[in-house]
Amino acid sequence: MKVIHVPYVRNNPYQKILIENLQKLGIKVKGGLVHRNFPLIHNILKDWKPDVIHLHWHHHFFLRSSQLKTIIKSIMFIAEVLLVKLCCIKLVWTIHNISSHEKKHLKLEIYFASILARFVDVIITHSETSKLKVQQVFGAKKNKVIVIPHGNYIDFYNNTVSRSEARQMLKLVENKMIFLFLGQIRHYKGVIDLVKAFHEFNSNSAELIIAGSPGNDIIIKEIKDNAERNSNIYIIPEFISDDKVQIYMNAADVVIFPYKDILTSGSIIFAMSFGKAIIAPRIGDIAEILDVTGSFLYNPDKKDGLLNSMKEAVASKMKIQKMGNHNLKLAKKHNWNDAAVLTNNVYK
């Protein structure tokens, strides 16, 4: 069995771990790059004719700077998909997001993604919630969509630094509750709403850390403008390397995901893998992964949903560690070997 994953993002732990576990099953798997023109054919000719091409993050295949270029590129890609099928190569598509986070040329992207959904052989989602959404938006047939749960990150990142050591490294006080947002800082993740809610919280018993690569200079300026009068907000607008991830995670008591729009979030599994209590909205597959025993789930349509969740977390300080331990137990059930076996069954 020979499989190419396209596009392959080298710094993405999801693909790295999945491919490693597929290879343990004896499958020959390679990561392919998105060549500007005819990405599938390019990867087939570059390596070898595969039995399966496994697609990820479809907006790479469709979106360009203008509407006209997007239409031309999308038509070319659909034609390429048909050519691949004529070569008797099967197509599997894991849908991580309904659309690109920037929602550029959204209607065109959804239209061509719906066409792609008709031609691929199997669609993979990570939850029943995501499966239903894919059926609704793309018109995918129920029997074509397979649910394979997202694996955990328990053994991927180093996790040897204690809570006290991590706080000393970041020069944080020992007795305050630390809320953490970690990851790429982008508008769709609701970081501005988080800063505003924490500022309104106005409590000296808690501190907020926002750490990660900014999507652009505009969002960092917005965050700093909203946080400038609050000495309990710490902003680290830079890429957090894998070896430093454990410092931020282990310094925190609660990890916050103030997302406005999400289908599948590996970041939720990531925080669970570090045994952290979580604050998150009931959207996408979040409520399917988390429960109230380990998380503070809020209605994103309610104005003070996020704010009230932070207040509830501070009031529940004595049980935060138990909540994190519960989430770690849940994360252990998300096994990569199981995910690889199920994916292999799809390939077969």
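Let's start with Lys16, which is partly exposed at a relative accessible area of 34%. Here, buried means under 20% relative accessible area, exposed means over 50%, and partly exposed lies in between, with a 1.4 Å probe and protein chains only.

A quick word on the model: it is predicted, so local features need pLDDT of at least 70 and side-chain atom pairs count only at pLDDT 80 or more, while totals for chains, interfaces and linings use all residues. Residues are numbered from 1 along each chain as its sequence is written, and side-chain values use heavy atoms, leaving out hydrogens and water.

So what joins Lys16 and Glu20? They form a salt bridge, with the closest N and O atoms 3.4 Å apart. That term means a side-chain nitrogen of Lys or Arg within 4 Å of a carboxyl oxygen of Asp or Glu. By this rule the count comes to 11 salt bridges. Lys16 and Glu20 are 4 residues apart in helix H1 (residues 13–24), so about one helical turn separates them. Helices (H or I, at least four residues) and strands (E, at least two) are DSSP runs, numbered from the N terminus.

Next, please find Glu102 and Arg186, whose salt bridge has its closest N and O atoms 2.0 Å apart. This pair links distant parts of the chain, 84 residues apart. Glu102 is exposed, at 52% relative accessibility.

Finally, Lys260 pairs with Asp193 in a salt bridge, at 3.7 Å between the closest N and O atoms. Lys260 sits in a loop and Asp193 in helix H8, so the bridge ties together parts 67 residues apart in sequence.
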